[in-house]
Amino acid sequence: MLLTRRGALGALSAAALTALAACGRDAGAPDPNASSDLEGEIRGAGATSQSDAQDAWMNAFMGANLRATVDYAGGGSGAGRTKLVEGAVDFAGTDTPMTTAEIDKIGGVVELPLYISPIAVAYNLPGLTGESHVNMTGEILAKVLAGAITRWNDPALVALNPEAALPDRRIIVVGRSDDSGTTKALTTYLATIAPEVWTHEPEETWPLRGGQSGDGTAGMIQTVSAAVGAIGYADASKVPSTLGTVAIGSSDKDGSDKDDSDKSGKKDSDASDKDGSGESDNGDSEKSDQDGSDKSGEKDSDASGRFVSVSADAAAAALDAATLSAEADETRLVYTPSPDADGAYPIVLVSYLVARLSYDDAEIAAIVKAYLRFAASTRGQDTSSKATGCAPITREMREKINAAIDKIEA
């Protein structure tokens, strides 16, 4: 529910505003450099994959801007885009880029890739959780999700997991019951990597019927968690430790040891970041190395044939090699990650924050621009990375994002 403070804020003292900011959602210590320059409230809705990142951004942003309020309602990518088109919200989160028809109704948008996270293929097999992953090639994963492989001890799975005790248990495939950008990202990968097996077009709607389903990310996790033998998919940050995740590799089962360098070290600092907080960022915080070792019989894999477990570093490898899509322009920064990059985890969600190019209310436009700048800043990206384990954007992306934000007007 949107917190309405517009009428009351003017009567509050600076001390009272600081205390109010400290009472927000999970807010920490008040920002010593907090400002009261921005005043008003904005509302957003959309992708549930971004929910934890949005919470982290909102808390930090409102702590630094005492008269500004931001609310994000979730509801799914499709719902968020629809509400933005209808004028019900001021910005949207979406795991799928806006369509031409949606953009035409708005009259122009700024589309920014501000949340990048691997999509985990999660399963419920007691004893095969944590660092003990089940290995699958892209083709085998496609066969599992398409229903061509129906038992966990199928010979094709056993061959990829010689040291894992795969049970003689039926595989229960779980899809999303709602339209989801996460579904489209996964089905895009499947259709690309194994078109002869996965014959469905990439789309937001899960194409198979007759299996189990979950509504939203939370529903997906709940359904997979409730049935031993189930397999589904979700933003990696949402998968609990009680579930295992698939390590994905190519069909070349090389298994040779190869040094996977930390790709997150390529993120450069940008001291000129404008983050809406009244202070400059001095650089991205360093990421600690994450152990991607696989104890199910194969090492982590990259394009040379080894299996890669889901991690922010592996997503960053795909992000570093990302290219702008054909529909991209100077305000629509739509990226395609590279699943073939060395050390890359191949199923990566690029989730966008979308705003109008033009607003009727200058106050709303100013807060939207400041909030987007904060989310894109090194401080904002570090905040969301710590909260969710997502991969920070690159310096090159940040520069393009800030240039796009500058074009928002009222």
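How many of the 11 residues of strand β2 (residues 65-75) are buried? Nine of them are, so β2 is largely enclosed by the rest of the structure; buried here means under 20% relative accessible area, with a 1.4 Å probe and protein chains only. Strands (E, at least two residues) and helices (H or I, at least four) are DSSP runs, numbered from the N terminus.

A word on the model: it is predicted, with local features needing pLDDT of at least 70 and side-chain atom pairs counting only at pLDDT 80 or more, while totals for chains, interfaces and linings use all residues. Residues are numbered from 1 along each chain as its sequence is written, and side-chain values use heavy atoms, leaving out hydrogens and water.

Let us stay with β2. Strand β1 (residues 35-46) runs parallel to β2, and eight bridges join the two; strands pair if DSSP finds at least two bridges between them.

Rings of Phe, Tyr and Trp (its six-membered ring) pair if their centres lie within 6.5 Å, and planes under 30 degrees apart count as stacked, over 60 as edge-to-face and the rest as tilted. The centres of the Y72 and F91 rings are 6.1 Å apart and their planes are at 20°, so this pair is stacked. F91 lies in strand β3 (residues 91-94), 19 residues from Y72.

| Residue | Relative accessibility |
|---|---|
| Y72 | 9% |
| F91 | 1% |

Ring pairs link Y72 and F91 with F61, Y371 and F374 into a cluster.

Conventions. Buried means under 20% relative accessible area, exposed over 50%, partly exposed in between (1.4 Å probe, protein chains only).
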